[in-house]
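Morning, everyone. Take a look at it first.

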Number of protein chains: 2
Amino acid sequence: MDARFTGFCNNLIVPLLCAAILLVATPLAVADPLASWNDGASKARIVSFVQDVTDPTGKNYVPPAERIAVFDNDGTLWSEQPMYFQLAFILDRVKALAPQHPEWRTTEPFKSVLAGDMAGVAAAGEHGLLELMAATHAGMTSEEFARIVSDWLATARHPRFKQPYDQLTFAPMRELLDYLRANGFKTYIVSGGGVEFMRVFAERVYGVPPEQVVGSSIRTRYELRDGKPAIVRLPEIEFIDDKAGKPVGINRLIGRRPILAFGNSDGDFEMLEYTTSGPGPRLGLIVHHDDGEREYAYDRKSSVGRLERGLDEAAQRGWVVVSMKDDWRTVYSD
Amino acid sequence: MDARFTGFCNNLIVPLLCAAILLVATPLAVADPLASWNDGASKARIVSFVQDVTDPTGKNYVPPAERIAVFDNDGTLWSEQPMYFQLAFILDRVKALAPQHPEWRTTEPFKSVLAGDMAGVAAAGEHGLLELMAATHAGMTSEEFARIVSDWLATARHPRFKQPYDQLTFAPMRELLDYLRANGFKTYIVSGGGVEFMRVFAERVYGVPPEQVVGSSIRTRYELRDGKPAIVRLPEIEFIDDKAGKPVGINRLIGRRPILAFGNSDGDFEMLEYTTSGPGPRLGLIVHHDDGEREYAYDRKSSVGRLERGLDEAAQRGWVVVSMKDDWRTVYSD
């Protein structure tokens, strides 16, 4: 609030009117919608982009309907170490279901999971992972699956931070989602994670409703179960929403090219490339995990969330590399 | 506006205040948001349902985020006779492309299309239709396809009404879409038609944005074309959004069970069944094409938009059968 204006008010004959103006103006002037971001080049690029596309008098104005912003989830909106959280769900689920499956004690990849032998799980390769998916993600209705995920989130804890997994979302990113929505953007998740897994918490945690979650999926079938219509999950991969699959998923579900894309790994490269190559103003951003103290430090050599091409080409493509260490005042929450 | 209230205003000492109230109150009191619907049971059911789910003090209140309404397109939002409009597009497109394909003059199903022999086209069966789809819907980028459809809509005319096809949308349905949106509903198209075909006109004609169109699709691939990122359409069916495919498509793209579904054929049966079997207030509606004079009259015996099971079971399931003849004051527009 400008001091001259306050002074002017004090001397004015209509103090009530002034009070009303102060009431309205003060919160706008004081609150920083991106308070978890340190002042610096990354924050400045975001704010100037948003001001640019929302200024109705500017040449870069974008109507609200076209303000589509897409966000990767694992490593971008929440952590992804020491393993993808959905993989932790799968492993926990195998353990929970094991009493009903005595044969798993002697059959891979279940045997390795039950023994906590991650090298053995990895050795089972893609086929092993598909078997684990089928055993833990299929056979039930979509509604039943949502309850299973919800129950898991309520009880499971991250091995390092000892917190529920859905508490390990990044405060600066939640703020950014809010900030974009307050500026007329429609915010989407576009992730390699399972769409029906993410929908369970995306609305509560990120404010992203189910219809704005794009993800990998398994086939489903409509059928009457006990006389009641239900969507039943089948043990068959339908779509992998990763790498070149991300622009395909975006076109399939959104049908417009986004103007802002935010990722963290080379799995997001094509999504950023597709987003930033359209006409008009565009913004591509990458979270760089360089903060081993508050979160994790990894990039080129990581098996999870590997980031190499993105780092190499970000500068020439005009993408913003966000340093978790330098750009974020807080990581999870205060 | 109540005459007593107007009189009260005339005698009042604060005429300015009254003018303001009149200004605000008049349009609300006078305008009927469903003016193209005749007063009767169908209209009453719609209005009472909307009042019911939007009354925050009522036991049937539904929060805006869950007010999902789904609409079939062919035969529900626009006409589908004498053939699906997308089929008319395919036939026109084959004729337009024929000079570049001299071999089509002697190869089915193209030969029949070029000769205007619809029995011959039908005889080529599903395989023939897939060949026509591949020749007219694939090979180009999504953006190029949208331009082709847009150009076709600008020039093609319906054989009976001599109007552009996108002028043959139903006024009562456009009003209903507006009315639902004004009451906090999110309106979706869920149609057997091609999703990228419908997206070209859905926003302009129905106010339904691309991301709220669910339809049948062919596979696409992300690639660099002439160095530019593009979504390229492949000659392979990905998903048929019809019959039991409709609830699957709804779950896949929306991820919530709708509370209102509107269709016109047995291809919509499962969508209505899925929608109306959830808990809480639900509304299922079927347009009955019984108006050969203003549009078309067909149901149980039609090859396009066949309606039999829906008519048989509507009463027991509590679905509203909307008579085009009796319930609609206008069909297309005044």
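Some ground rules. This is a predicted model, where local features need pLDDT of at least 70, side-chain atom pairs count only at pLDDT 80 or more, and totals for chains, interfaces and linings use all residues. Residues are numbered from 1 along each chain as its sequence is written, chains are lettered from A and ligands numbered from 1 in the order in which they are written, and side-chain values use heavy atoms, with hydrogens and water left out.

Chain A, then. It has 14 helices and seven strands. The C-alpha atoms fill a box of roughly 85 × 50 × 40 Å along the principal axes. Chain A has 334 residues, and 52% of them count as buried. Buried means under 20% relative accessible area, exposed means over 50%, and partly exposed is in between, using a 1.4 Å probe and protein chains only.

Now the charges. Chain A carries 37 positive and 45 negative ones, and their mean positions are 1 Å apart. Lys and Arg count as positive, Asp and Glu as negative; His and the chain ends are not counted. Each charge is placed at NZ of Lys, CZ of Arg, CG of Asp or CD of Glu.

Side chains of opposite charge can pair when their charged atoms come close. How many salt bridges are there over all chains? The structure holds 48. The cut-off is a side-chain nitrogen of Lys or Arg within 4 Å of a carboxyl oxygen of Asp or Glu.

One pair crosses between chains. Glu211(B) bridges to Lys186(A), with the closest N and O atoms 2.9 Å apart. Glu211(B) sits in the loop between helix H10 and strand S3 of chain B, while Lys186(A) is in strand S2 of chain A. Glu211(B) is buried, at 8%. A network of salt bridges links Lys186(A), Arg256(A), Glu203(B) and Glu211(B).

Next, within chain B. Glu196(B) meets Arg233(B) at 3.0 Å, N to O. Helix H10 holds Glu196(B) and strand S4 holds Arg233(B), 37 residues apart. Glu196(B) is buried at 13%. Arg233(B) is buried too, at 5%.

Last pair: Asp291(B) and Arg294(B), at 2.7 Å. Arg294(B) is partly exposed at 28%.

Methods
Helices (H or I, at least four residues) and strands (E, at least two) are DSSP runs, numbered from the N terminus.
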